[in-house]
2 protein chains.
Amino acid sequence: MIIAFDAMGGDYAPDAAIKGASEALNSYPDLRLLIVGHRGRLEPLLKQYKILGSDKIELVHAEETVMMDESSTIAIRSKKDSSITVAATLVKEGKADAVVSAGHTGAAIAATKVRMRLLPGVERPAIAIIMPSENGPFVLLDVGANMSTEPLNLVQFAVMGEVYAKAALKIKSPRIGLLSIGEEDVKGNDLTKDAFRTLSSMPINFIGNVEGKVMFQKFADVVVCEGFVGNVLLKATESLAKATMHWIKEAFSKNPYRIVGALLAKEAFKDIKEIGDSEERGGAPLLGVNGICIIGHGNSSPKAFKHAIREASDFVKAKFNDLISQRLNETGATLELLRKNRSD
Amino acid sequence: MIIAFDAMGGDYAPDAAIKGASEALNSYPDLRLLIVGHRGRLEPLLKQYKILGSDKIELVHAEETVMMDESSTIAIRSKKDSSITVAATLVKEGKADAVVSAGHTGAAIAATKVRMRLLPGVERPAIAIIMPSENGPFVLLDVGANMSTEPLNLVQFAVMGEVYAKAALKIKSPRIGLLSIGEEDVKGNDLTKDAFRTLSSMPINFIGNVEGKVMFQKFADVVVCEGFVGNVLLKATESLAKATMHWIKEAFSKNPYRIVGALLAKEAFKDIKEIGDSEERGGAPLLGVNGICIIGHGNSSPKAFKHAIREASDFVKAKFNDLISQRLNETGATLELLRKNRSD
């Protein structure tokens, strides 16, 4: 189990990244890490977190890092020696089984697409994320791997999301919903209406359109949408969760009764805060690339890095990409089969 | 002040609608209502809520109602005598100053567009809604008037949203943000990137892209997006707010300390619940139509109906559409001026 770990990506990298890597190595005995980044910056941290010289790691130098305000396509072309490109190349060359990065998401996608390529029969990758709901977690995808999406892409996202929900949420026959603006099949935009028709004809548990208004009451185990919508939605829910904690604090400090009440119930606030906590979740898989890629949250803590590494190793162990390929074939959702059905 | 009131639209209509109308008539002395709907169903309710025979109302019969699962375009064509079409026609004919409906949103938009037409120089209308944030309310638009949107439409939404924020939130120079998936101008999809360029050149307080992740911390007073995204976002936040109340309840009932804490602070829960409450908000204006149209929430209570009627009358008094036309001209955002600038 060898994972290429981009130690330069993320708001608190490389410090949080190396601390997380060190914790992961302590927790998972069969893990080996190729730690990718700037040697001069990483060596002191490896020393600090007591993994310098360990036979479980190897430091792979990368001269550059893609900055958050760079255009991903330009950065990938111009910075051939960036940490994310070097990490993806290690997977391509068979030197690592998976790549983990919490850096520039666009750059991670571009680098893995260019270096590792996509799975046979897949046209676009998708970032999937596990979201909380009143009735347990569900999978939302795509949350930002693509800026423009065709109906066939949504169909493939549905199948890849199904495989992920089966594996990560242990759901036998995940209910798949298409995120739209009305329940009825006549509602939606051209993209969703077209995808709706194909999904309806497939041997999957497709339950039709799912509206935003029932999303967190969990009517579907897998919610499929295009990347722009999914990304805005994911980020906005994080923002709303933060605002809600602010409102709760405000409401509970208005008078002495409420303050005492809050003190008595202080553990309750922790429980609520943890529901939306992405630390445990680890990272989000980039589904559809020919190799495992886990994308960490930009603000990843050491704990989040640790769990992202764990998730990558779970994917490798489960031979996740074989499961996707198999299911795309079974459901007639490879690009070739989808196009053939269209022209029939 | 005469308002055409679609009494048949909404989950709890016509009962909640007539109750709300009655309350509005009691609260606003200069109000007159043309109550539109099925005579046989409405008369008993008018009697029940003590406004039958009042000289402040007139019952206008409409034989049909557009059902929630109907296609709006088909319904508007086939049901010429539906309550929403009859109400919109009253405005068109100058018999009413505004229309209020909590029925099928798509049908309300189609009916007002067909009957009342759009303001000169406007290509598409937009539904604007006031959302809460950590730092006070902001305007989000479009939340569902359009299924497909051109860059020029987003530019017009920005200007109309600015006028709404000035009037409704009393903000002198509203900060206008474009909802996107990164702060930098290079981030976004083709639609937002194109709109970004035009908005940057206009005499408005455009602050660039706004990400979902800061939305509820309020970096912008007006957040502009296409209707599909806005609708999903609006509904999903409602769903998340509901789930959050569930999680709070659950967390506060886990052990006796927390239960006592919750009892002591029980008014705090009310405060939190009220933040997202759409009842006070009333309705959402359909901006850009040649006449005032307020769209109520599908689950409108009597109170929500009352406030939607109040909002419509505020719009009429403020001569809101004159303000929009004037501002579109000032900022060079009429369709003609935008197209001229493009071709230069």
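View 1. Welcome to a predicted model, where local features need pLDDT of at least 70, side-chain atom pairs count only at pLDDT 80 or more, and totals for chains, interfaces and linings use all residues. Residues are numbered from 1 along each chain as its sequence is written, while chains are lettered from A and ligands numbered from 1 in the order in which they are written. Axes are lines fitted to C-alpha atoms, for helices over the stretch in contact, and angles run from 0 to 180 degrees between N-to-C directions.

**View 2. An open sheet of 11 strands in chain B has mixed pairing.** Follow the order S3-S2-S1-S4-S11-S10-S5-S6-S9-S7-S8; two strands pair if DSSP finds at least two bridges between them. Strands S3 (57-61) and S8 (206-211) of chain B stand at the edges with a single partner strand each, so one side of each has no neighbour in the sheet. From one strand to the next, the twist averages 25 degrees.

**View 3. Strands S5 (residues 126-131) and S6 (residues 138-141) of chain B pair in the antiparallel sense.** Four bridges join S5(B) and S6(B). Look for Ile129(B), whose bridge partner in S6(B) is Leu140(B).

**View 4. Helices H1 (residues 15-27) and H11 (residues 302-317) of chain B pack at about 50 degrees.** Their axes are 7 Å apart. That angle makes H1(B) oblique to H11(B) (angles under 35 degrees count as roughly parallel, over 145 as roughly antiparallel, 65 to 115 as roughly perpendicular and the rest as oblique). Among the residues making the contact are Ala16(B) and Gly20(B) of H1(B), with Phe305(B) and Ile309(B) of H11(B).

**View 5. Chain A meets chain B through 52 residues on each chain.** Residues are in contact if their C-beta atoms, placed from the backbone, lie within 7 Å. Helix H8 (227-251), helix H9 (256-264) and helix H10 (266-275) of chain A each supply at least two residues of this side of chain A. H8(A) gives the largest share, 18 residues.

Terms used. Contact = placed C-beta atoms within 7 Å.
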